Every structure is written in C-alpha cells, then in structure tokens.
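Biologist: Before we look at anything, I would like to learn how to read a few features of a model. Please give the general idea first, then the case at hand.

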Amino acid sequence: MRAVIWPILICSLLGACASSPSGRSQFTLPQPVSEIYSEVNMRLQLATTSDARYQCAESECDANKEFEMRVARLGQQLAEKAYALYPDLGERIERFEFVTSDKAEPGTTSNASGTVVIFGGTRALEPSDPALAFILAREMGHVIGRHHDENTATRIIVSVLAQVLMPVTGLFRALAQLQTASSAATASTTTATATAASLLGSHAVIATYRPQQLAETDTIALTLLAHLQYDPQETADALAETEQRMDDSGWPQDLRASSGHVAQIAQGPRADKERLAQLAASRPPKLIFAIGNPPAGAIEPGPRALTQ
C-alpha cells in the first residue's frame with residue numbers, strides 16, 4: 001500500500017512535466033510552492049555571503065548609487081523585452097524586481113517570484129552596460145527557464161525518496177522496535193541521516209542537468225540583449241574585459257564559462273549569427289506545457305515562421 005501512496009504524493013506535488021525554452025523536459029512544481037522554496041534558498045545564500053565590511057566614503061557612496069541606478073535602468077529594459085518575448089511569463093510572474101545587495105563578493109541570485117539580486121561586489125568588476133545587461137539577463141534566465149521550479153521539484157522528490165527508500169532508515173526503525181527506551185534518540189538519528197542523504201542526493205541530481213540550465217540562461221540572455229540592439233561581438237568583448245578582473249571562485253567561474261560561450265557564438269559559423277538575427281527579429285516559440293515530451297504541435301511558431 002505504501003508503495004502506491006508515495007508515487008501518488010509525489011505526482012500530486014508536481015505541477016506537470018514541462019519543457020524549458022530550449023525544449024528540455026523538466027519536472028516542475030506549482031508556482032506558490034516553488035516561490036516559497038526558492039525564497040528560502042535565496043535568503044540562505046544572502047545570509048551566508050559576506051557583507052561589505054567598510055563604510056563607504058562620499059565618492060564611493062556616489063559610485064554605489066550610480067551602479068544601483070544602472071541596474072534599475074537595464075533591469076527595466078530587460079524586463080520589458082522579457083514580457084514581450086515570452087507571453088506566458090506574465091501568467092507566472094507579476095513583475096521583475098532588481099535589488100542590489102551590499103555584499104563583498106560579486107554574484108547574483110534570484111527566486112521564482114522574479115526577484116533578481118546582484119551583489120554589490122559586482123561593481124568592482126567594472127562591467128560596461130553590455131556586460132552588466134548580460135549578467136542581469138543571465139540571472140533572469142533562471143526565472144524565465146523555470147529553473148527554480150525544476151530544482152525545487154528535484155529537492156522534494158529526493159527528500160521523499162530518502163525518507164522512504166533509504167535502507168539505513170529501515171534499520172533504525174527495526175532497532176527502535178527493540179529498544180523503545182531510546183526511541184527518541186533513534187528517531188532523531190534517522191531524521192538526520194535521511195536529511196543528509198536528501199541534501200547530498202539533490203545536489204548530485206541537480207549537478208547532472210546544471211550545465212544545460214547554464215546554457216539555457218546564456219541563450220535567453222543573448223536573446224534579450226539582441227532585442228536591446230547589443231551585438232554578440234560587443235557583448236563578448238565586454239565580458240572578456242570584465243573577465244580580467246574576476247577571481248576563480250564559484251560565481252566568477254560560471255560567468256567565465258558564459259563569456260566563453262558568448263565568444264564562441266560571436267566568432268562561430270555564420271549559422272549561429274543568423275540564428276541570433278532571427279531571435280532579434282521575432283519572438284521565441286510559445287511553449288505549451290504537456291505531460292512528458294511535448295509533441296511537435298505543442299510549439300507555436302513565431303510570426304516569421306507563419307509567413308514562410
């Protein structure tokens with residue numbers, strides 16, 4: 001009976017199987033559930049990231065304010081293009097909100113509700129407008145691509161499976177029946193073990209598809225920038241200049257990989273550049289979510305395709 005109940009519970013938690021903007025199949029959750037989980041994860045990341053340790057001088061404060069204004073200006077432009085290019089986005093997210101957090105290191109984070117946070121340490125990289133726009137659009141790509149929904153679904157599935165299927169859990173339950181006096185300690189140990197297994201397992205599963213997520217965010221970012229009239233080569237040059245001021249920590253490594261991807265497209269075959277030109281001239285296909293892989297008719301062609 002239990003073997004039947006748990007799959008039903010998992011399926012009830014999942015909103016549906018969906019497709020990312022690149023056509024990759026995803027498990028997703030209902031938007032309210034994903035919003036809660038991703039908000040907690042975002043706050044946890046902010047809480048564990050070091051704050052800036054100095055009180056800015058007048059000129060430094062002015063520079064910080066100018067950076068915040070640039071973030072707000074570029075963010076608004078990108079958000080307008082995002083809602084125009086992805087009509088279904090408005091059904092999930094009321095608006096994008098761009099926030100600058102007073103953190104010492106460079107980086108970005110976001111949640112499923114459309115809040116995009118850029119760390120104050122990013123200003124030290126001295127990104128030009130094309131580079132800063134790409135950084136913001138790249139983080140927006142996680143929201144547009146429903147990556148928060150996908151990661152939350154993975155964490156919940158792995159957590160449920162860890163509680164039900166982990167052999168160590170069954171062993172502790174058997175010991176609990178023999179040693180009722182230590183039942184509280186046994187339950188605590190069981191919960192801790194299952195939680196650790198869940199955490200490690202979800203990280204391992206997410207790592208298997210994270211490269212595809214990052215590639216999707218690059219594509220979404222380039223699409224948005226193309227509609228702001230930023231040429232791929234201009235963006236690649238701006239990121240290469242910014243890259244010279246980055247260290248080898250986690251977020252800069254991801255941005256460095258994106259920089260290489262953009263440079264590859266900018267210097268690549270003519271077909272890549274023509275594809276970007278098409279992205280700038282027409283909206284991306286509208287994705288209709290379905291159970292399993294979407295059939296061929298589930299992708300609505302853009303205006304350009306309708307006229308051919």
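Biologist: Is E126 buried or exposed?

Modeller: This is a predicted model, and in it E126 has a relative accessible area of 54%. The cut-off for exposed is over 50%, so E126 counts as exposed. E126 sits in the loop between β5 (115–119) and α5 (129–144).

Biologist: What is the phi of E126?

Modeller: In general, most residues other than glycine have a negative phi. E126 is not a glycine, yet has a positive phi of about 50 degrees.

Biologist: And what is the phi of R146?

Modeller: R146 also belongs to a residue type other than glycine, and its phi is positive, near 60 degrees. R146 lies in the loop between α5 and α6 (147–165).

Biologist: Is R146 buried or exposed?

Modeller: R146 has 10% relative accessibility. Buried means under 20%, so R146 counts as buried.

Biologist: Which element gives the most to the lining?

Modeller: That is α8, with 11 residues.

Biologist: How do the lining residues divide into nonpolar, polar and charged?

Modeller: The lining of the largest pocket has 13 nonpolar residues, 21 polar ones and six charged ones.

Biologist: Last, the aromatic rings. How many aromatic pairs are there?

Modeller: A pair of aromatic rings is described by the distance of the centres and the angle of the planes. The count here comes to two aromatic pairs. One of them is F96 with F98, at 6.2 Å centre to centre and with 25 degrees between the planes. Planes under 30 degrees apart count as stacked, so the pair of F96 and F98 is stacked.

Biologist: Are F96 and F98 buried or exposed?

Modeller: F96 is buried, at 8% relative accessible area, and F98 counts as buried at 19%.

Biologist: Which residues form the aromatic cluster?

Modeller: Y83, F96 and F98 make up one aromatic cluster.

Technical notes. Residues numbered from 1 in each chain as written. Predicted model: local features only at pLDDT ≥ 70, side-chain atom pairs only at ≥ 80, totals over all residues. Heavy atoms only, no water. Helix = DSSP H or I, 4+ residues; strand = E, 2+ residues; numbered from the N terminus. Buried < 20%, exposed > 50% of the residue type's maximum accessible area, 1.4 Å probe, protein only. Nonpolar A, V, L, I, M, F, W, Y, C, P; charged D, E, K, R; others polar. Phe/Tyr/Trp six-rings, centres within 6.5 Å; stacked < 30°, edge-to-face > 60°.
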